[in-house]
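Start with the structure itself, then read on.

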Amino acid sequence: MDELLKKQLQITACKVRIGIIEGVYSAKCGHPGGSLSIADTLTYLYFAKMHVYPDDPKLPDRDRFVLSKGHTAPALYSVLAHRGFFPVEELKTLRHIDSRLQGHPDMKHIPGVDMSTGSLGQGISAACGMALSAKLTGDTYKVYAILGDGEIEEGEVWEAAMFAAHNKLDNLLAVVDNNNLQIDGKISDVCSPYPIDEKFKAFGWHVITMDAHDFDSIEKAFNEAETVVNQPCVIIQKSVKGKGVSYMENQVSWHGAAPNTEQYEQAMSELKAQLAELEKA
Amino acid sequence: MADLVKKATRESYGEALAELGDKYENLYVLDADLAGATKTGIFKKKFPDRHIDCGIAEANMMGVAAGLAATGKIPFASSFAMFAAGRAFEIVRNSIGYPHLNVKIGATHAGISVGEDGASHQCNEDIALMRTIPGMTVINPSDDVEAKAAVEAAILHDGPVYIRFGRLAVPVIHDKETYKFEIGKGEVLADGSDVTIIATGLMVYEAVKAAEQLKNDGISARVINIHTIKPLDKELVVKAAKETGLIVTAEEHSVIGGLGSAVCDAVCGEAPVKVVKIGVQDVFGHSGPAADLLKEFGLCSENIVATVKKAVADK
């Protein structure tokens, strides 16, 4: 990847992480762990990949994004705000009673949200519908979706996987955020969906793996995905739950908990130090 | 009324889709391996490129429909009521209802008149399920003419619509040349002052027959056809409650949560009158010929007559 672009993306991703922590801290609840693990991928999508229009969010030819793992809305909201869909300051209203920033993505009220999600397994079906829709009428937009690795325990995901391959939805790109943790523990201990790659291959998908926190790896994976024809593509991203905040990393306890004031200050101090380091270099 | 032509509303559904496909180019039809039974196969034959068979995967089908609607198309997602409203309930609720997407659900084989397939396929709960979803329009047509009109009305309506169709051939009681269908508007089929029979679906014909019998027996029964259970024609129902003082509801659905419940909800605040509910009385059905089952479960004009007579006597 171009070094300048990489630097810009790293800086933006760090700001996105700050927005996640601001939101969750302000809400006193929410899901920071899985939000932080997709922050880099979302930043890449919205700042380097997708055709989106913050000033006219519903333009029909835009690329679509579906956050199938809807509980990580803090990451989506933060990236949308930094991309200009709504003010960054608004992130501090996350989950408040008078805010449009609902606990899970709400397409009716939040600019830039293409599908309401939150109930796991459902977003990928809607993404299939959007991709099929483009095929039916010859539209050229692409559809991106991010699923959790715990989420793929839902049966509907595999109904959708079968459907996407059967309909040759090569305009659909799914990402499985493989941070290996779900609420009750490691996904391998709870009800293992492994081997994830073999399952998707068996369902007729082109499978790519990437490091979710390395923009070179991310770019390479998405570029490869674009070359795939006549079948849907899934990127299994190896990620770190809680990435960027030392005490949250790889800790399942940060799946759905907000930091207290002391923890918030530590997280902000760490992220701001990372940002300063990036901006200095 | 003995010579009326009979037709199953599922046939009407398939025919209407095929007839309207030219007029509405944005219309797409989804099915879950039941295109022969739901009659969307009629549409498929004419518009193969606009018919999507999702396989035996109703949850995904509803999500796909949501995605099609989110990108500007008008999808009709079709399956048996048991699977469309039952199995896929939460997808309908969260992926279609919550974002208020323009998905139409064509649910066939509703009610006990499914017949021989038995209780597993006799969905008597779908109206109850669907009417709890905010913004969902719920329509239960009584015959061929109404069913076809409902399909076009659903296309023209912006928002999610659930339409319930039957497997059993039922008498065609409306004249397609003159019948005006409007979502949310009930239809008075007979005037009367002693009691109002409010019916929906295949029970509408039974209610009309019952009212004729009751007239011979000296009871003046008003008959209202409620094809749209949500939004309910509250004004018409409350007026009937005030003017006749007694309501008997009739539906091929559980008495819990269906038309009878919707009528009770409507009258309790403004015109509290006695409401007697004819329907499936909180039990599962079983296998058997549809006509015999309808009799056994009291979904027939004879039971309406008997129920009305008792209620009027107790008035």
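## Across the domain interface in chain B

This is a predicted model. Across the interface of domain 1 of chain B and domain 2 of chain B, the rule turns up one salt bridge. Asp265(B) makes a salt bridge with Arg131(B), with 2.8 Å between the closest N and O atoms.

On the side of domain 1 of chain B that touches domain 2 of chain B, the elements giving two or more residues are helix 7 (126–131), strand 6 (137–139) and strand 8 (169–171) of chain B. Helix 7 of chain B gives the most there, with four residues.

## How much gets buried

The contact draws 31 residues from domain 1 of chain B and 34 residues from domain 2 of chain B.

Between them, the two domains of chain B bury about 2,300 Å², with 57% of it on carbon and sulfur atoms. Ile112(B), Asn124(B) and Arg131(B) account for 28% of what domain 1 of chain B buries against domain 2 of chain B, more than any other three residues.

## Over in chain A: a parallel sheet

Chain A has an open sheet of five strands, ordered 1-2-3-7-6 with parallel pairing. Its edge strands are strand 1 (64–67) and strand 6 (206–211) of chain A. From one strand to the next, the twist averages 20 degrees.

Terms used:
Residues numbered from 1 in each chain as written. Chains lettered and ligands numbered in written order. Predicted model: local features only at pLDDT ≥ 70, side-chain atom pairs only at ≥ 80, totals over all residues. Heavy atoms only, no water. Pairing = 2+ DSSP bridges. Axes fitted to C-alpha atoms, helices over the stretch in contact; angles between N-to-C directions. Contact = heavy atoms within 4.5 Å. Buried area = accessible area lost by both parts, 1.4 Å probe. Salt bridge = Lys/Arg side-chain N within 4 Å of Asp/Glu carboxyl O.
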